[in-house]
Amino acid sequence: MNTLKNALETSKFIITAESGPPKGTDVNEMIHCVSLLKGKVDAVNVTDNQSSVMRLGSLGASKLILDQGLDPIYQLTCRDRNRLAIQSDLLSAWVLGIRNVLALTGDHPQAGDHKQAKPVFDIESVQLLQVINTLNRGTDMNGNQLKGKTAFVTGATVTPEADPIEPQLLKFEKKVKAGAQFFQTQAVYDTKKMEEFMKTARQFQVKIIAGILLLKSAKMARFLNKFVPGIRVTEDLINELEKSEKPLETGIQIAARQINELRSICDGVHIMAIGMEDKVPMILERSGI
Amino acid sequence: MIITKQKPFQEILKSLEGETNIFLVGCSVCADECQTGGECATKELIETLKAEGKNVTGFAVINSPCHVLVTKKDLKPHREFIDKSDSILVTACGAGAQSVSEVIEKPVRPAVDTLFLGNVERHGHFYEHCSMCGECVIAFTDGICPITNCAKGLLNGPCGGMNKGKCEISTEDRPVDCAWVLIYERLKKLNHLDKFKNIQPAKNYSKHLKPDRLILERKK
Ligand code: SF4
Ligand code: SF4
């Protein structure tokens, strides 16, 4: 089941997709969408209370995905748990069979549906990467011996189009130093920008998986540009969507085209279809991968 | 300076429910600067209370009511009026309010919300830059506090929420710069970008245990 680990160890072009747990206990749709990805992706990311909206937890959902025969990437943020809970959840994940963790700081609670919550951020993404690697070596973050260690594959995120970019690149280097083996990027729409970023990334022994966010309409593209940090949908793409009679179809086409272009630039793609997970197989098919 | 803001009057009134005779205690230092607890603001509040049918038995504006002994001494001459009161309404910060509850056996009601330790940028403009974390780390940023100025208190650089130099929680009405962009710029200007590259360890929160205390040893 360690399909991600295997893919990282070879020169295979890595394909991952994102799955968002539901708000509630009805997991039928999530499981249905995930089952469509079987055999088509190397791993499935499971978001952790994404955008600070309270949902089914990423640990439980990762286990369900594992039971479906797919390799989950357990996304773990520092927003809701202190260092005790984080380490303890990591041990739980390991014994449940989860093998990949994506270390994230997490959105601020102000973004979500429980704005009154106390933001935790006891540790943050760089330190979390170190903590995971400490558990992998057999001790907790205070050096106490573990009875049975973990061997997680650790990932992190980076925003290739952050503005300004310099502090983001410095943080990227820190994440590499802290032990990140692979990176999944914020959505990129300008492959030139991705090429630019890869010049920095290629100095390090890490795999870069580029983010592909399915565009459903010109309106959505403009919304992303306005409100989502680090995302810049180019004017050309917005025009293409605007002129289209079937914008979703066009969005799928754009995603497929981007995947194809990125093949020669980075090590893989991470497809975020937000609510349209069932379209992922079609995107992959059209990309010719 | 400790920054305070007057509570909505209806909330103050609710906390005084069933209490007619009220004594007020203000502060001529921080709360005066914040226009919440100086003589002027305290007198204004007294008028509003009277209009609501409250009987104000008296008031005292103390020079730093956070100082327990000063509070005790300054309230002594008002003893007679305090004894006749149902409760004490305090227009100073939470520390001031608790000096009062330490020296007077009457119910204490806060008239203000205590917000933060603030810098006064100019008259009436207060900004939080230090949250008194117990172990100051601003040497590695050349003087900008990431614990307080970053909405998440991050120690190793900007999060993915940074947008054109602004913080993830920034809005049009409440613009907030990303502390990590400010730190980056400062370190760059001062030729210390190497400091940015060092991974900062997780913070030791046991350095500030609530309720904290500090007792200086007497010099011989
Ligand atoms: S690190 Fe920040 S919060 Fe802590 S003492 Fe220094 S300035 Fe204050
Ligand atoms: S945007 Fe900058 S200041 Fe705001 S939480 Fe992220 S790193 Fe901190």
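Chain A and chain B bury about 2500 Å² between them in this predicted model. Of that area, 57% lies on carbon and sulfur atoms. Buried area is the accessible area (1.4 Å probe) that two parts lose on being put together, summed over both. The size of an interface is often given as the accessible area lost when the parts come together. The contact involves 31 residues of chain A and 28 residues of chain B, where contact means heavy atoms within 4.5 Å.

Between the two chains, 15 residue pairs are in polar contact, both residues at pLDDT 80 or more. A polar contact is a pair of N or O atoms within 3.5 Å; within protein, one must be able to donate a hydrogen and the other to accept it, and residues adjacent in sequence count only if both atoms are side-chain atoms. On the side of chain A that touches chain B, α5 (125-137) and α6 (166-177) of chain A are the elements that give two or more residues. The most comes from α6(A), with seven residues. Helices (H or I, at least four residues) and strands (E, at least two) are DSSP runs, numbered from the N terminus. By class, this side of chain A has 11 nonpolar, nine polar and 11 charged residues. Ala, Val, Leu, Ile, Met, Phe, Trp, Tyr, Cys and Pro count as nonpolar, Asp, Glu, Lys and Arg as charged, and the others, Gly among them, as polar. The count of salt bridges between chain A and chain B is zero, a salt bridge being a side-chain nitrogen of Lys or Arg within 4 Å of a carboxyl oxygen of Asp or Glu.

Chain B is assigned domain 1 (2-115) and domain 2 (137-201), with bounds from an automatic or database domain assignment. The C-alpha centres of these two domains of chain B lie 39 Å apart.

Residues around ligand 1 (a heavy atom within 4 Å) include B:Cys130, B:Cys133, B:Cys136 and B:Cys145. B:Met132, B:Ile138 and B:Thr148 are also among them. The shell divides into eight nonpolar, two polar and no charged residues.

B:Asp142 is not a glycine, yet has a positive phi of about 60°. B:Asp142 lies in the loop between β7 (125-128) and α7 (146-149) of chain B. A cis peptide bond joins A:Asp163 and A:Pro164, with omega about 0°. A:Pro164 sits in the loop between β5 (153-158) and α6 of chain A.

Residues are numbered from 1 along each chain as its sequence is written, and chains are lettered from A and ligands numbered from 1 in the order in which they are written. Local features need pLDDT of at least 70, side-chain atom pairs count only at pLDDT 80 or more, and totals for chains, interfaces and linings use all residues, while side-chain values use heavy atoms, with hydrogens and water left out.
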